[in-house]
Amino acid sequence: MSAEVAVGVVSAVVAVAGLGVSYLQLRQTSTGSAARGSARWRAPLVIGDVPREPLAYTRRAALLDELTRALDSGPVAALIGGRGVGKTHLAATYTRERLARRLRLVLWIVAEDAAAIVTALAALAREVGLVDALVDADAAAKAALRWLEQRPSPSLVVLDNALDPDAVLRWLPRRGRVRVIITSTNEDFAQLGVEVCVEGFTPGQAAAFLCARSGLDDLEQAGLVAHELGDLPLALSQAGAVIRRQRQSFGDYLAGLGCGPLASMLARLPGDEYPRSVEQAILRSIADAEAADLTGTAQRVVDLMALLSASGVRRDLLYHLSAERSGVDDAVGTLAGASVIGFDVTGRVVAMHRLTRRFAMTRVRVQGRLMAAVQEATRVLSAAVDATPTAGTDVVDHVADVWVAVHCDLKTDPEAAGLVADLLRLRLWSVGRLVTLGESSRAVTTGFAVLKEHRDADGIGDESVTLARRAVIDAGLAADRELDVVALAEETLADRMCVDGPDHVATVAARNSLGYCYECAGLLERALEIHRFNLQESMRVCGPDAQSTLIARINLASTLRSMGRIDDAVSTFEENLRESIRVYGLEHASTINARGELARTYVRVGRAAEAVMLHEINAGLHSAELPAWYAMWWPQYRAAAYSAVGRHDQAIALLRDLIKQSEVTLPRDNPQLIRLRLFLARALISAGRGRQALRLFERVTRDRERVLGADHAATLNARRNLGLAFAVLGQRRRAKAVLTATLADYVRMLGDEHPYTASARSSLERLSMLCRFPP
């Protein structure tokens, strides 16, 4: 081989070797670069600050499952709810758990300002090398959005506290494996994805969270505090921090909530990730919603709802704010869209969180709008009272809440006398309305409160106080709580004697009322004395044809019947019926009442066939002048007459129909409804249906003990009926035990000589001879 050839071969080998080395170096460099890139992407990339797990963390499993299902079904889930309900922490919990399961890419964006979305997406573009640092932020954000849509691996974008759906929409990925969570108070975001409604903690979660946050271990007391705070997570968090810092008990904190400034009880403490106090957060939502309503109606709705009941306000009540219903609907929609208010399942009742109400009320006071707000609330409620259909217990609740909220303020304002009078008129209406609706026990409680309010108010005339006292007496009689109002009836008569003198019709009427209260309360001797005297006085002052004379006579007859003086009662009732027909005719309400009372008494003396005839005459009359209660009152006694003549099926069917109607219109504890069940029990046992009857007798006894108390005369009567039922059914031992104990209670409560005691003693003495239920 020549030297030249040898040199050439060597040069070629060296060249090939060099190429090989270069290739190996290039491959090593490429592989190292890829390896470094792979190592870089193995750790998750997180843009933004995902909130850390908070102290006393509560994992809301049901909501997390709902959020997971929402994101499985579509690319966007919207967590919608009021401020402070925990939307951010729910989204953060989901994000942390997804990162723990090796999710590689998360963007957490505080999206109150739409510019923050652009900034975050641009940061992502630069981080992954899509653009260099000099590229415009908007262009970089668009590049990142396209990259997210094309990325084969899952990724998550959280837009926290977003405000403007239009601003967010243009930055939502439209394809790919990226998922988006939006948290917002604005319900309009529900149009962008699957809505997940976020509300406060459950009561159990709230109590447990507050115990953990405060360092105290008393779930029962924690539950009371949580209830006052509406189970709102942010409020509970800040309350727990205050309790821990100030070393308070739950009881001390609860007392402070009732009387101290609410803002100081829910302060944001240093180190809290949430940037605002509860007050600031709630007032910010209200202000944003009001700013979106140029008519000012939203503010009027907020002010009104701050004064009215926390249980919610019917939308049709809000319509009294303005002649333009559409304006109210627009304002309500704006407030609901901002989660300041919400709706019940029907959409007809608008509700506001209890803390929102309190902070809104504080704002009204601070801004000097209290008097105007109360005037508007009074006008709205007065319109509701006068409207058709007639207002129900919700308006009663609203009137009570307005009074409680502002009566102290009005009492110290010399210019508020007229407003106080207007509110007291509404309060007085409430008592009568509760009686009409059958809420008799509540009517008594409310009535006594209203009477005190009238007496305490400056500038309220004596006649208004008299009307309030009359309302309490009527409520007491409707609730079978006659003993509670006897003193008021005595006071009324004393006032009439002082103001009008003995020769005035108002004095006669007051004496009639007092005598009736005495009889209903079981004070029969006093009732008999006053009715006898009052009959003479009414004849002298008003004449024989006066309404007060007929009332005095029928009250006298009723007292005689209650005392067991049946023959005297029958003759007096018969005279009363004759006089009623002579004065008013056959179909007048007074004549119907007189006929019915005589029929009741005929059943007692064994003249049941005549009683049926009288009751059926009444049943055939339909007068527009008849009080509404006649429709329920007299048919029950007609059924008793049917039972007494052996028309058992007719009696039972009538009573069951009455009970069915009453259960629709009356509360379950209404004395009239309980009385109807007693009538049905008596009809059933007379018809030989002992087992059904016994269950009802036992139920009536329990109900009267619960509603009226064990020592009430009506409860003792129910127990006596139960004992008689045991006897008729052959259970003599049980009958004797019940009747013996009942007699002892009659003696203890009414005395040994009282007619009711004598009747109970007679029942016990005749026990061995009893074979059918007495009329």
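**Strand 5 and its surroundings**

Modeller: Strand 2 (residues 76-80) is joined to strand 5 by five bridges, and the two run parallel. Within this pairing, Ala 77 stands opposite Ile 181 of strand 5. Please keep in mind throughout that this is a predicted model. Strand 4 (residues 155-160) is likewise joined to strand 5 by five bridges, again with the strands running parallel, and here Ser 155 stands opposite Val 178 of strand 5. In general terms, the strands of a sheet pair through backbone hydrogen bonds, and the pairing may be parallel or antiparallel.

Strand 5 is largely enclosed by the rest of the structure, because six of its seven residues are buried. Ser 184 belongs to this strand, which spans residues 178-184, and with a relative accessibility of 0% Ser 184 counts as buried. Apart from neighbours within four places in sequence, the residues in contact with Ser 184 are Leu 79, Ile 80, Gly 81, Lys 87, Ala 162 and Phe 189.

An antiparallel arrangement is found elsewhere, where three strands form an open sheet in the order 7-9-8. Its edge strands are strand 7 (313-314) and strand 8 (342-343), each of which pairs on one side only. Strand 7 is joined by two bridges to strand 9 (residues 349-351), the two running antiparallel, and Val 313 has Val 350 of strand 9 as its bridge partner.

Just after helix 8, Gly 230 takes a positive phi of about 65 degrees. Asp 231, although not a glycine, also has a positive phi, in this case of about 55 degrees; Asp 231 is placed in the loop between helix 8 and helix 9 (233-246). With a relative accessible area of 15%, Asp 231 is buried, because the cut-off for that class is under 20%.

A further backbone feature is the cis peptide bond that joins Thr 388 and Pro 389, with omega at about 5 degrees. Pro 389 lies in the loop between helix 17 (370-386) and helix 18 (393-411).

Turning finally to helix packing, helix 29 (residues 630-644) and helix 31 (residues 671-686) have axes that come within 10 Å and cross at roughly 10 degrees. Angles under 35 degrees count as roughly parallel, and helix 29 and helix 31 are therefore described as roughly parallel to each other. On the side of helix 29 the contact is made by Met 632, Trp 633, Gln 636, Tyr 637, Ala 640 and Ser 643, while helix 31 contributes Gln 672, Arg 675, Leu 676, Phe 679, Ala 683 and Ser 686. Sorted by class, the contact of helix 29 with helix 31 comprises seven nonpolar, four polar and one charged residues.

Terms used
Residues are numbered from 1 along each chain as its sequence is written. This is a predicted model: local features need pLDDT of at least 70, side-chain atom pairs count only at pLDDT 80 or more; totals for chains, interfaces and linings use all residues. Side-chain values use heavy atoms; hydrogens and water are left out. Helices (H or I, at least four residues) and strands (E, at least two) are DSSP runs, numbered from the N terminus. Buried means under 20% relative accessible area, exposed over 50%, partly exposed in between (1.4 Å probe, protein chains only). Contact means heavy atoms within 4.5 Å. Two strands pair if DSSP finds at least two bridges between them. Axes are lines fitted to C-alpha atoms, for helices over the stretch in contact, and angles run from 0 to 180 degrees between N-to-C directions. Angles under 35 degrees count as roughly parallel, over 145 as roughly antiparallel, 65 to 115 as roughly perpendicular and the rest as oblique. Ala, Val, Leu, Ile, Met, Phe, Trp, Tyr, Cys and Pro count as nonpolar, Asp, Glu, Lys and Arg as charged, and the others, Gly among them, as polar.
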